[in-house]
Amino acid sequence: MIKIFDHGIDQNSQLEIHKELSNLNYEHGESDYEGAEIIGLSCELNKNTLSFKILNNILKMIKELDGLNLVRTYVNKFEPEDKPLFHIDSLDGGITALYYANDKEENIDELGGTQFYLKDIEEIKEVLNIPGRIIIFDGGIRHRATSFRNKTRYTIAFKYEK
């Protein structure tokens with residue numbers, strides 16, 4: 001399951017979220033799977049932040065998340081030279097919600113989306129990084145970010161489990 005939700009966040013809120021994320025303190029330390037090199041930066045997203053409050057209110061309305069427990073919320077920050085790897089988020093039926101926090105629409109050649117490896121059909125599907133877009137997906141699907149070519153990429157991940 002991969003579902004896309006567009007137009008749920010007004011442009012002013014999108015800009016406020018981007019501004020807040022630009023000013024957080026990030027650390028190295030996330031890797032895509034055990035033993036993999038550390039790529040990019042990340043930080044936990046506090047429940048008192050404007051970003052969390054806005055997005056959590058929207059995510060509460062998505063029926064696919066009903067009955068699941070939010071176990072972690074964090075921000076990924078990738079610079080143009082970062083090359084994230086394919087990974088999975090959950091083996092136990094967890095769902096990931098991902099918010100694209102870029103501040104303006106990009107040219108398709110700028111990249112910055114999320115690629116999903118669909119094993120059953122041996123294809124890769126990419127969801128474009130569109131401002132304000134939220135995607136939810138089965139955490140067991142192998143996926144990876146693609147960095148923007150010329151600027152920093154921010155996403156907020158909400159991880160849910162049964």
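**Helix α2**

I looked up the burial of helix α2 and found that the helix is mostly covered, with seven of its ten residues buried; buried means under 20% relative accessible area, exposed over 50%, and partly exposed in between, with a 1.4 Å probe and protein chains only. I note that this is a predicted model, in which local features need pLDDT of at least 70 and side-chain atom pairs count only at pLDDT 80 or more, while totals for chains, interfaces and linings use all residues. Residues are numbered from 1 along each chain as its sequence is written, and side-chain values use heavy atoms, with hydrogens and water left out.

I listed the buried residues of α2 as Ser51, Phe52, Ile54, Leu55, Asn56, Ile58 and Leu59. These buried residues pack against α1, β3, β4, β7 and β9, where contact means heavy atoms within 4.5 Å. Helices (H or I, at least four residues) and strands (E, at least two) are DSSP runs, numbered from the N terminus. I then took the direction of α2 (residues 50–59): the helix lies across β3, β4, β7 and β9 and runs at about 50° to β9. Axes are lines fitted to C-alpha atoms, for helices over the stretch in contact, and angles run from 0 to 180 degrees between N-to-C directions.

**The sheet**

I traced the strand order as β1-β7-β4-β9-β3-β2, an open sheet of six strands with antiparallel pairing; two strands pair if DSSP finds at least two bridges between them. The edges are β1 (2–5) and β2, each of which pairs on one side only. With direction ignored, neighbouring strands of this sheet are turned by 20° against each other on average.

I followed the bridges across the sheet. Strands β1 and β7 run antiparallel and are joined by four bridges, and isoleucine 2 stands opposite phenylalanine 137 in β7. Helix α1 packs on the sheet, where it touches β3 (69–78), β4 and β9, and its direction makes about 95° with that of β9.

**Strand β4**

I asked how strand β4 (residues 95–100) is covered, and found six of its six residues buried. One side carries Ile95, Ala97 and Tyr99 and the other Thr96, Leu98 and Tyr100, and all of these are buried, so that both faces are covered. Towards β7, the pairing of β4 is antiparallel over five bridges, with isoleucine 134 as the bridge partner of tyrosine 99. Towards β9, six bridges join the antiparallel strands, and tyrosine 100 stands opposite threonine 155.

**Nonpolar cores**

Which residues touch the most other members of the largest nonpolar core? I found Leu21 and Ile156, in a core of 26 residues. A nonpolar core is a set of buried Ala, Val, Leu, Ile, Met, Phe, Trp, Tyr and Cys residues joined through side-chain atoms within 4.5 Å. At least two residues of this core come from each of α1, β2, α2, β4, β7 and β9, and the largest share, five residues, from α2.

I checked isoleucine 156, leaving aside its neighbours within four places in sequence: its contacts include Ile17, Leu21, Leu55, Val75, Ala97 and Tyr99.

**Aromatic pairs and charges over rings**

I counted three aromatic pairs; rings of Phe, Tyr and Trp (its six-membered ring) pair if their centres lie within 6.5 Å, and planes under 30 degrees apart count as stacked, over 60 as edge-to-face and the rest as tilted. Tyrosine 26 and tyrosine 154 form a tilted pair, because their ring centres are 6.1 Å apart and their planes stand at 45°. The two lie 128 residues apart, tyrosine 26 in the loop between α1 (11–22) and β2 (41–44) and tyrosine 154 in strand β9 (residues 153–161). Tyrosine 26 is buried at 15% relative accessibility, and tyrosine 154 is buried at 6%.

Phenylalanine 116 and phenylalanine 137 form an edge-to-face pair, 4.9 Å centre to centre with 75° between the planes. Phenylalanine 116 belongs to strand β5 (residues 114–118) and phenylalanine 137 to strand β7 (residues 134–138), 21 residues apart. Both are buried, phenylalanine 116 at 0% and phenylalanine 137 at 1% relative accessibility.

The charged end of arginine 72 sits over the ring of tyrosine 74, 3.8 Å from its centre, and that of lysine 151 over the ring of phenylalanine 148, at 5.4 Å.

Terms used. Lys NZ or Arg CZ within 6 Å of the ring centre and 35° of its normal.
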